[in-house]
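Take a look at the fold before going through the points below.

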Amino acid sequence: REIGEALGVATILEGSVRRAGDQVAVTVKLIDTRNDRSLWSNRYDRTMSNALTLQGELAQEIANALHATLSPEEKARVETKPTDNADAYVLYLRARQYENEPDTLLQDYRSAEQLYRDAIRLDPKFALAHAGLATTRAAIFHYYEPTDAWKTQAFAEAREALRLQPNLGEGHLALGVCFYWTEREYDRALQEFALALEVLPNDSWVRSLSAAIMRRQGKWQEALEAYERVAALDPRNPNI
């Protein structure tokens with residue numbers, strides 16, 4: 001109940017993942033925070049490669065438990081495997097961990113950059129990894145090393161992600177970040193963020209970047225209102 005009140009949510013998905021070799025055990029439980037009652041629970045035993053389809057199954061079962069309906073587009077999106085290579089996906093998740101560290105240390109970005117590159121070596125068509133590599137390189141340009149090489153490489157990876165998967169929300173996010181952080185082309189960045197939000201409506205990073213651009217444009221009231229909406233979506237995020 002305390003977590004539900006802190007996050008402003010009525011339901012929480014709680015779970016655990018255990019891995020032993022190539023076997024993965026995932027246990028999940030959907031909880032009504034208002035009365036601490038379990039609405040639904042399940043356990044899945046899979047191999048690593050088969051576990052990559054689990055997101056779609058979980059989304060559908062959770063939607064059923066909440067008496068919600070996924071649109072055909074949402075259903076297709078969650079059922080799409082990001083990659084057929086489980087090892088590449090593990091590298092991608094490790095890279096995200098480094099990229100999203102709150103201190104934005106150069107070493108963290110360098111670690112993320114290398115892990116994304118390793119994931120892409122295992123699966124060159126892994127669009128999410130290309131998008132992550134783009135945002136990481138744009139961040140290195142923005143915070144530490146504003147060189148043409150980082151800018152060129154960031155744009156190349158963002159465009160490759162969208163070539164591989166044209167409707168990828170993370171791809172539009174990456175391209176928007178490139179326009180924002182390396183070119184300061186705010187309107188083009190906002191256009192890409194708007195496309196990203198069509199696919200990722202609750203992504204707090206996309207919304208906070210949009211708010212930051214409004215602030216840079218001097219649109220103070222719009223920026224304030226945008227940040228307040230993001231804070232409601234992601235109340236535990238200290239950056240917001």
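Ten bridges join β1 to strand β2 (residues 23-32), and the two run antiparallel. Strands are DSSP runs of E with at least two residues, helices are runs of H or I with at least four, and both are numbered from the N terminus. This is a predicted model, in which local features need pLDDT of at least 70 and side-chain atom pairs count only at pLDDT 80 or more, while totals for chains, interfaces and linings use all residues. Residues are numbered from 1 along each chain as its sequence is written, and side-chain values use heavy atoms, with hydrogens and water left out.

**The sheet**
- Three strands make up an open antiparallel sheet in the order β1-β2-β3, where pairing requires at least two DSSP bridges between two strands.
- β1 (11-20) and β3 (37-47) are the edge strands, each with a single partner, so one side of each has no neighbour in the sheet.
- From one strand to the next, the twist averages 10 degrees, with angles running from 0 to 180 degrees between N-to-C directions of axes fitted to C-alpha atoms (for helices, over the stretch in contact).
- Ile-12 stands opposite Ile-31 in β2.

**Helix on the sheet**
- Helix α3 (residues 54-65) packs on the sheet and touches β1, β2 and β3, contact being heavy atoms within 4.5 Å.
- The direction of α3 makes about 165 degrees with that of β3.

**Around Ile-140**
- Ile-140 belongs to helix α7 (residues 127-143).
- Ile-140 has a relative accessible area of 0%, so it counts as buried (under 20%; exposed is over 50%, partly exposed in between; 1.4 Å probe, protein chains only).
- Leaving aside residues up to four places away in sequence, Ile-140 touches Leu-106, Tyr-109, Glu-145 and Trp-150.
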